[in-house]
Amino acid sequence: MAQQLAIIVLVDVGNALESRTLTGNTYLFDNMKLQGSLNQGTGELVTAVNGAYWSDGSQAGEQVLNWLPYSLGSIPPTVPRGYHAARTRQAEKDALAELADLAGKPGVAANGDTEAALARIHKTVGTKVRTTSRTRALSGHRVLDVTGNMVSDHGQDTHSYPAPVITDIFGDAVDEKVIYPAEYGSPDLVTDGWYWSATVDTSRPGTYSYKMRIQLHELIQRSGEWTWEPVNLTCESKLRITADPKRNGFTGAGMGYLPIAPANFA
């Protein structure tokens, strides 16, 4: 059975957009640290892919890589999938209720409170973002901060960025047919239904580099309207495939029966 290896791609989106590079703004982790992965938590991760051979030297099976991108300093990915839509609907309901309450108060304009009331309603409803053909997946989302509250003043509020999106995996490891990456659909709500995965040809020991094309989204204003503008950047990582024999995780020896002492029924 293939072993599932997970690679977390954590991106400091704000700094990456400001510097227009993922270098120094990407932190990679995997679940193979105890198996020999190097440089965990940096942009120089070398993922160990081993334990794919039996003690007689025959290939034990493929390994499977899964890439999961996340944004540093944004709303946690563990919130429900429809969180943004739910917050948008609630903000619109609250704004309508405040408008109805304002309209029912006599003499508001005469007291000069209308402007303040409308400013409060504008803050309640937050900022609506216009979508384009390239950002259709973000349609209907209001801008939120990292605590999940609506953002209305971009000069003061710090907004949460949408999660990075891996759009392609390429490079030497792909060209040499060491890994076979593809995007798959999934019911997993954390990955929003899509994730990148690849099988690894473990019969090719060595160190191979590969690149990820990652799409970030920058909030910009055009013609008086806010919109998420896609920005495509790339980063590199490596795989180190070894020909170590597959071992028992409990004993460290070859695959076989566990050395359990016989029960003493005396």
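Predicted model: local features only at pLDDT ≥ 70, side-chain atom pairs only at ≥ 80, totals over all residues.
Local features need a pLDDT of at least 70, side-chain atom pairs count only at pLDDT 80 or more, and totals for chains, interfaces and linings use all residues. Residues are numbered from 1 along each chain as its sequence is written, and side-chain values use heavy atoms, with hydrogens and water left out.

**Confidence and overall make-up**

- The protein chain has an average pLDDT of 78, and 65% of its residues score at least 70; pLDDT is the predictor's confidence in each residue, from 0 to 100.
- Helix α3 (residues 108-111) has the lowest confidence, with a mean of 53, while helix α5 (residues 172-175) has the highest, at 96.
- Five helices and 10 strands make up the list of elements in the protein chain; these are DSSP runs numbered from the N terminus, with H or I over at least four residues for helices and E over at least two for strands.
- The protein chain has 266 residues, of which 36% count as buried (buried is under 20% relative accessible area, exposed over 50%, partly exposed in between, with a 1.4 Å probe and protein chains only).
- Its accessible surface is about 15300 Å², and carbon and sulfur atoms hold 53% of that (Shrake-Rupley method, 1.4 Å probe; for residues, only the protein chains shown count as cover).
- Among contacts with a separation of 6 or more, 62% are between residues 24 or more positions apart; a contact means heavy atoms within 4.5 Å.

**Strand pairing around β10**

- Strand β9 (residues 206-222) runs antiparallel to β10 over 17 bridges, where pairing requires that DSSP finds at least two bridges between two strands.
- The C-alpha atoms of Trp 226 and Lys 128 are 7.1 Å apart, although 98 residues separate the two along the chain.

**Nonpolar cores**

- The largest nonpolar core has 32 residues, and Trp 67, Ile 179, Tyr 210, Met 212 and Leu 216 have the most contacts inside it (a core is a set of buried Ala, Val, Leu, Ile, Met, Phe, Trp, Tyr and Cys residues joined through side-chain atoms within 4.5 Å).
- Elements giving two or more residues to this core include β1 (3-11), α1 (13-19), β4 (63-71) and β6 (165-170).
- Another core, of five residues, lies apart from it, and Val 129, Val 143, Val 151 and Leu 219 are among its members.

- Ser 197 lies in strand β8 (residues 194-200) and is buried, with a relative accessible area of 7%.
- The side chain of Ser 197 reaches the backbone oxygen of Leu 65 at 2.9 Å.
- Asn 25 sits in the loop between α1 and β2 (26-30) and is buried as well, at 8%.

Technical notes:
Polar contact = N/O pair within 3.5 Å; in protein donor to acceptor, adjacent residues only side chain to side chain.
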